[in-house]
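Hi there,

Here is the structure I promised to pass on to you. Have a look at it first, and then read on for my notes.

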Amino acid sequence: MKALLLAAGRGTRISRYLSGNPKCTVDIGGKRLIQYTVEMFHKYGVTDIAIVLGYRGEVIRQTLQDFDLKYFYNPFFDVTNSIASAWFAKDFLKDADDTLIMNADVFLEDSLLEQILSCEKSPVMFADGSRKEEADYKFKYENGLLEKYGKELTGEDVTGEYIGIGKFSKDFMPEFLSALDILINSQNHSVWWENILYSMVGKRPIYVETVDGKFWAEVDYMEDYQGILRHRGYHADFKNDVLKVTRL
């Protein structure tokens, strides 16, 4: 198993709290989010890890200086989206065995990563069926297959919230890379890496595995961040433009 972490973005929606640092380096109580993620992967035997850098990549490198990792760089991070970051990491994906791709601003509890790593479906994306009304990016899936997706879905078209992670077998990767090249070559560099999979919906099965009841959060807003801290037994105060993390 390999893991690709996408960490090139600015994180503009929470940037005022981060002193200009990438949001995957936010303090989650004694360690940085991306440090926690890499350590958790190592704990479960995933040690072949690559990270795509962009905005202030030197901060991420400094945070992870004690780990043996592969790095790629998206020099166009300010005018592209995560699909471009995936394209810059093509060499890592070409040589991959089974591969997990994850947005680096996502926090997972241990039991959730265990579930993801044990899932044998491919290609599979993960969604939380307990979060519908408050969902950010929404999925409709039936019988474990993705049917619809998007922020604009409403009502019965929402069966869960996408959590920012996909897992793919070695046999699927050539198909993934072919679709990646098609999108990039047609100048679709401002979409998410997940659009590679969305382009296949209706043409081949895209599986969805539900993670209901397990804790996860994407660091987009201060409320998300505070939720992670509460889960870990911490709290954050933002006073005089300084973020201070303390134990509850």
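Before the notes, one convention: helices (H or I, at least four residues) and strands (E, at least two) are DSSP runs, numbered from the N terminus. Residues are numbered from 1 along each chain as its sequence is written, and side-chain values use heavy atoms, with hydrogens and water left out. Please keep in mind that this is a predicted model: local features need pLDDT of at least 70 and side-chain atom pairs count only at pLDDT 80 or more, while totals for chains, interfaces and linings use all residues.

Let me start with the pockets. On a 1 Å grid over the protein atoms alone, a pocket is an open set of points where a 1.4 Å probe fits, with protein on both sides within 12 Å along at least five of seven lines, and its lining residues have an atom within 4 Å of a point. Grid points are joined across faces, edges and corners, and a volume is the space filled by probe spheres set on the points.

The largest pocket holds about 850 Å³ of space. Its lining has 33 residues, and those nearest the centre are Lys-23, Asn-81, Asp-105, Trp-192 and Glu-218. Strand E1 (2–7), H3 and strand E9 (160–168) are the elements that give two or more residues to this lining, with E9 giving the most, four residues. By class, the lining has twelve nonpolar, ten polar and eleven charged residues; here Ala, Val, Leu, Ile, Met, Phe, Trp, Tyr, Cys and Pro count as nonpolar, Asp, Glu, Lys and Arg as charged, and the others, Gly among them, as polar.

The second largest pocket has about 200 Å³ of space. Of its 14 lining residues, Leu-18, Asn-21, Thr-25, Asp-27 and Arg-32 lie nearest the centre. Helix H2 (57–63) and strand E13 (242–247) each supply at least two residues of that lining, which is made up of eight nonpolar, four polar and two charged residues.

Next, a few single residues. I use buried for under 20% relative accessible area, exposed for over 50% and partly exposed for in between (1.4 Å probe, protein chains only). Contact means heavy atoms within 4.5 Å. A polar contact is a pair of N or O atoms within 3.5 Å; within protein, one must be able to donate a hydrogen and the other to accept it, and residues adjacent in sequence count only if both atoms are side-chain atoms.

Ser-85 sits in helix H3 (residues 82–88) and is buried at 3% relative accessibility. Asn-103, in strand E4 (residues 99–103), is buried as well, with a relative accessible area of 14%. The side chain of Asn-103 makes a polar contact with that of Glu-194 (3.3 Å).

Asp-136 belongs to the loop between strand E6 (124–128) and strand E7 (138–142) and is partly exposed at 25%. A polar contact of 2.5 Å links the side chains of Asp-136 and Lys-151.

Finally, what about the backbone? Most residues other than glycine have a negative phi, and most peptide bonds are trans. Ser-122 and Pro-123, however, are joined by a cis peptide bond, with omega about -5°. Asn-143 has a positive phi near 55° and is exposed, at 80% relative accessible area. Gln-187 also has a positive phi, near 70°, and counts as exposed at 56%.

Best wishes
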